[in-house]
Amino acid sequence: MQDVASLALKALNGGLFVVGFALLGEMLQPKRFSGLFSAAPSIALANLLVIVLAKGAGEGIASVRGMVVGGFAFALGCLAGLPVLRRHGAMRGSLVICATWLVLAAVGYRVLVL
Amino acid sequence: MKQSPAQAEPLAAVDVGKLRKVKARELAVRFAFGAAISVVAGLVSLATNPTAGGMFLAFPAILPATITLIERKESTAQTVHDVQGAVLGALGLMVFALVARAGLERTGSPAALLAAGGAWAGASVLAYVVVEKIRRRMRSVSGEGNS
């Protein structure tokens, strides 16, 4: 029951933080600058606040350990997706970015835990 | 003396008026993506461990929704610029994680997360300014070479 409440709170918090950062990004120009906010720590802040307050710093520290791998995979995923984005548009570019992230994060996780 | 478009464009600007063009539906889509990836991260954390769940705190969940909207409203070229910015923001996420870890280890306080958020903003904006200045200088040098 506590897990369900925690998940619901994370979902609500995550949605609100994402909207907040998105509005901030909308106001900024040029696009290369506002693009920083497409990779803002909105979900991280929203979830880590709940984690640290509900379960303590120990679980938060373990979570941010994984986030280093996730951030690296995110940056490389974007670089891999750029040529596809230029040629085939946002839909296929997004697919490549997310697929690259999944592969790199899985590899990174294996390296991190082994 | 004529300025090239890259030089004429400000390095960074704020246009609050653009908020009026944001539709409620677009915000609802972003809210749904944010909520969904938060649940996924939480479930992965419960099913495996917090480190695996933590990776999903840096999943590019919002980017697809953002660039799809930009492509529809503006152009594919603008989506490319957005993703170029996201590369630097994503590197900033690593800085966020490292600062959050150091802060949580030392203080155990949620305030460490605010410091990490500030570190993300500082590192991302600094990286943007450096990369953008180099890019503009290179474009202006190649422009002079062509003229």
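This is a predicted model: local features need pLDDT of at least 70, side-chain atom pairs count only at pLDDT 80 or more; totals for chains, interfaces and linings use all residues.
**Figure 1. Chain A at a glance.** Let us start with chain A, which is built from five helices and one strand. Read from the N terminus, its elements follow the order α-β-α-α-α-α. Of the 114 residues in chain A, 60% are buried. Among contacts with a separation of 6 or more, 51% link residues 24 or more positions apart. Chain A exposes about 4,900 Å², and 71% of that area comes from carbon and sulfur atoms.

**Figure 2. Chain B at a glance.** Chain B has six helices and one strand, arranged as α-β-α-α-α-α-α from the N terminus on. With a radius of gyration of 19 Å, well over the 15 Å that the globule rule gives for 147 residues, chain B is more spread out than a compact globule. Its C-alpha trace spans about 60 × 40 × 25 Å along the principal axes. Buried residues account for 40% of the 147 residues in this chain. Contacts between residues 24 or more positions apart form 53% of those with a separation of 6 or more. The accessible surface of chain B is about 7,700 Å², with 65% belonging to carbon and sulfur atoms. The chain carries 16 positive and 9 negative side chains, and the centres of these two sets are 2 Å apart.

**Figure 3. A buried salt bridge between the chains, A:Glu26 with B:Arg30.** In this view, the side chains of A:Glu26 and B:Arg30 meet in a salt bridge, with 3.3 Å from N to O. The pair joins two chains, because A:Glu26 lies in helix H1 (residues 2-27) of chain A and B:Arg30 in helix H2 (residues 24-47) of chain B. Both partners are buried. For B:Arg30 the relative accessibility is 3%, so this arginine counts as buried. What surrounds B:Arg30, leaving aside residues up to four places away in sequence? From chain A, B:Arg30 touches A:Val18, A:Ala22 and A:Glu26, and from chain B it touches B:Ile62, B:Thr66 and B:Leu69.

**Figure 4. The cis peptide bond at A:Pro30.** Take a look at the step from A:Gln29 to A:Pro30, where the peptide bond is cis and omega is near -10 degrees. Most peptide bonds are trans. A:Pro30 sits in the loop between strand S1 (28-29) and H2 of chain A.

**Figure 5. A salt bridge within one helix, B:Arg101 with B:Glu105.** The closest N and O atoms of B:Arg101 and B:Glu105 are 3.3 Å apart, and the two residues form a salt bridge. They are four residues apart in helix H5 of chain B, so about one helical turn separates them. B:Arg101 has a relative accessible area of 31%, so this residue is partly exposed.

**Figure 6. A network of salt bridges.** Which residues are joined into one network by salt bridges that share partners? The members are A:Arg32, B:Glu9, B:Glu132, B:Arg135 and B:Arg136. Over all chains, the count of salt bridges comes to nine.

Figure 7. How far is B:Ile134 from B:Val99, in sequence and in space? The two residues are 35 apart in sequence, and their C-alpha atoms are 27 Å apart in space.

Conventions:
Residues are numbered from 1 along each chain as its sequence is written. Chains are lettered from A and ligands numbered from 1 in the order in which they are written. Side-chain values use heavy atoms; hydrogens and water are left out. A salt bridge is a side-chain nitrogen of Lys or Arg within 4 Å of a carboxyl oxygen of Asp or Glu. Buried means under 20% relative accessible area, exposed over 50%, partly exposed in between (1.4 Å probe, protein chains only). The radius of gyration is taken over C-alpha atoms; the globule rule is 2.2 Å times the number of residues to the power 0.38. Contact means heavy atoms within 4.5 Å. Accessible areas come from the Shrake-Rupley method with a 1.4 Å probe; for residues, only the protein chains shown count as cover. Lys and Arg count as positive and Asp and Glu as negative; His and the chain ends are not counted. The place of a charge is taken as NZ of Lys, CZ of Arg, CG of Asp or CD of Glu.
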